[in-house]
Amino acid sequence: MNLAQLRADTPAVEQLIHFNNAGAALMPNPVIEVMTGHLQLEARIGGYEAAAQQAQALENVYSSIGRMINARPEEIAVIENATRAWDMAFYSLPLRAGDVVLTSTTEYAGNFIPYLQLRQQRGIEIKVIPNDEHGQVSLTALRDMLDDDRVALVSLPVIATNGGPVQPIEQIGALARAAGVLFLLDACQGVGQMPIDVARIGCHMLAATSRKYLRGPRGMGFLYVEKSLCESLQPAFLDLHSAALLTPDTFSIRGDARRFENWECNVAAKLGMGAAADYAMAQGIEPMWQRIQRLAEHLRNRLAEVPGVTTRDAGSIKSGIVTFTCKDASATQVQQWLASQEKRINVTTSTYRSTMLDMQQRDLTEVSRASLHAYNTEAEIEAMVQALAGMADT
Ligand SMILES: Cc1ncc(COP(=O)(O)O)c(C=O)c1O
């Protein structure tokens with residue numbers, strides 16, 4: 001990992017301090033160049049013609065994403081965001097009345113709402129795995145819960161949108177596999193931040209987005225579905241790309257993961273996501289992860305020294321998402337104050353509506369969220385800490 005290169009590729013770092021990588025990270029120049037290049041090609045020769053000219057580059061997006069998560073290209077579907085990718089997997093599962101879905105307290109509301117919908121429509125049951133003493137999924141509790149034959153799915157995020165623990169996904173995957181239960185992993189905040197290897201994790205399905213730690217464009221994401229499972233899952237929606245009309249009465253569905261895609265998509269953004277995956281791998285995801293964790297721990301330690309500030313992350317392994325509350329200011333006030341600094345500091349606010357179970361359990365209604373990437377620096381952390389310390393004087 002080359003910090004100077006990372007920062008040179010991210011010119012906005014001269015103007016601002018971007019600690020909103022869990023919202024949308026700053027795209028590096030190589031990603032922007034691929035995308036603008038494609039838009040210019042579309043403008044010059046036409047959208048379909050540009051896609052045809054870039055056919056091989058578009059195929060390469062699948063191999064790049066596959067390489068990044070140790071999957072085969074045919075196990076990848078390119079879908080416009082993590083939520084829709086997750087939906088395409090979840091709603092294809094043949095869940096029936098009485099089937100149990102196990103999730104974590106850190107589950108994202110965008111996934112929890114579909115559980116509630118299927119509880120209402122089909123009578124599935126939702127069970128929340130309790131946490132252990134570190135505030136992460138209790139593996140002992142999970143093992144016990146998996147004894148119930150009715151459990152059909154384990155589904156949770158590796159890292160929550162409001163920080164907290166990095167869940168022990170390899171152990172969770174091993175337990176789910178041993179019980180013969182499907183495991184759907186929301187890796188939205190994990191991909192690009194930490195090494196993600198679907199073979200080691202043992203998840204059957206994984207959803208992720210492009211714009212967060214992966215540093216790709218907005219409006220893009222992907223789904224992984226294990227090859228052996230793909231053909232047994234019928235997508236909730238089909239079109240003429242995921243399926244073929246054979247006769248006026250018959251159709252067939254593609255065998256690979258692209259059965260979960262739809263035909264029209266943002267081609268420039270798709271190429272941009274592939275470029276972002278290539279960029280992350282070229283920089284080295286493991287060294288970036290080490291640096292992100294180091295920076296985040298440094299920020300937590302420094303924040304703990306600021307009077308009135310409480311850091312809020314649990315877990316034996318923590319991510320680059322640092323959450324905190326301030327005694328005398330709301331998270332919105334913190335966000336506005338930091339944004340108003342001479343060198344703008346971007347943090348955001350995570351409210352209890354995004355991760356209700358976790359926030360309720362910890363008696364929080366909102367937290368400030370500073371999410372660090374490898375291109376951030378100790379000097380930027382210091383600037384934020386000083387700005388927060390200065391807020392008390394205003
Ligand atoms: C843990 C988690 N899952 C899913 C999502 C949804 O991602 P997208 O907005 O790309 O659909 C988010 C977004 O913040 C998230 O943090």
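Student: From which domains does the lining of the second largest pocket draw at least three residues each?

Tutor: First, a word on the source. This is a predicted model, in which local features need pLDDT of at least 70, side-chain atom pairs count only at pLDDT 80 or more, and totals for chains, interfaces and linings use all residues. Residues are numbered from 1 along each chain as its sequence is written, and side-chain values use heavy atoms, with hydrogens and water left out.

Tutor: Now the general idea. Rolling a probe the size of a water molecule over the atoms shows where empty space is left. On a 1 Å grid over the protein atoms alone, a pocket is an open set of points with protein on both sides within 12 Å along at least five of seven lines; a cavity is a set where a 1.4 Å probe fits but cannot get out; lining residues have an atom within 4 Å of a point. In this case, domain 1 (3-24 + 284-391) and domain 2 (29-282) each give at least three residues to the lining of the second largest pocket. The domain bounds come from an automatic or database domain assignment.

Student: How many residues line the second largest pocket, and which lie nearest its centre?

Tutor: There are 23 lining residues, and Gln167, Pro168, Ile169, Gln171 and Ile317 lie nearest the centre. The space amounts to about 440 Å³, a volume being the space filled by probe spheres set on grid points joined across faces, edges and corners.

Student: What is the volume of the largest pocket, and which residues are closest to its centre?

Tutor: The largest pocket holds about 630 Å³. It has 28 lining residues, with Asn262, Trp263, Glu264, Cys265 and Lys270 closest to the centre. Among the elements giving two or more residues to this lining are helix H4 (55-69) and helix H11 (267-283). Helices (H or I, at least four residues) are DSSP runs, as are strands (E, at least two), numbered from the N terminus.

Student: How many cavities of 30 Å³ or more does a search of the whole structure find?

Tutor: The search finds one, and the volume of the largest cavity is about 40 Å³. Its lining includes Gly192, Tyr213, Met288 and His373, while H11 supplies the largest share, three residues.

Student: Which residues surround the ligand?

Tutor: A residue is near a molecule if one of its heavy atoms lies within 4 Å of it. Here, the surrounding residues include Asn81, Tyr108, Asp186 and Lys212.

Student: Which side chains have an N or O atom at 2.5 Å or 2.6 Å from an oxygen atom of the ligand?

Tutor: A polar contact is a pair of N or O atoms within 3.5 Å. The side chain of Thr83 gives the 2.5 Å distance, and that of Thr209 gives 2.6 Å. A polar side-chain atom of Thr161 lies 2.9 Å from a ligand oxygen atom.

Notes:
Polar contact = N/O pair within 3.5 Å; in protein donor to acceptor, adjacent residues only side chain to side chain.
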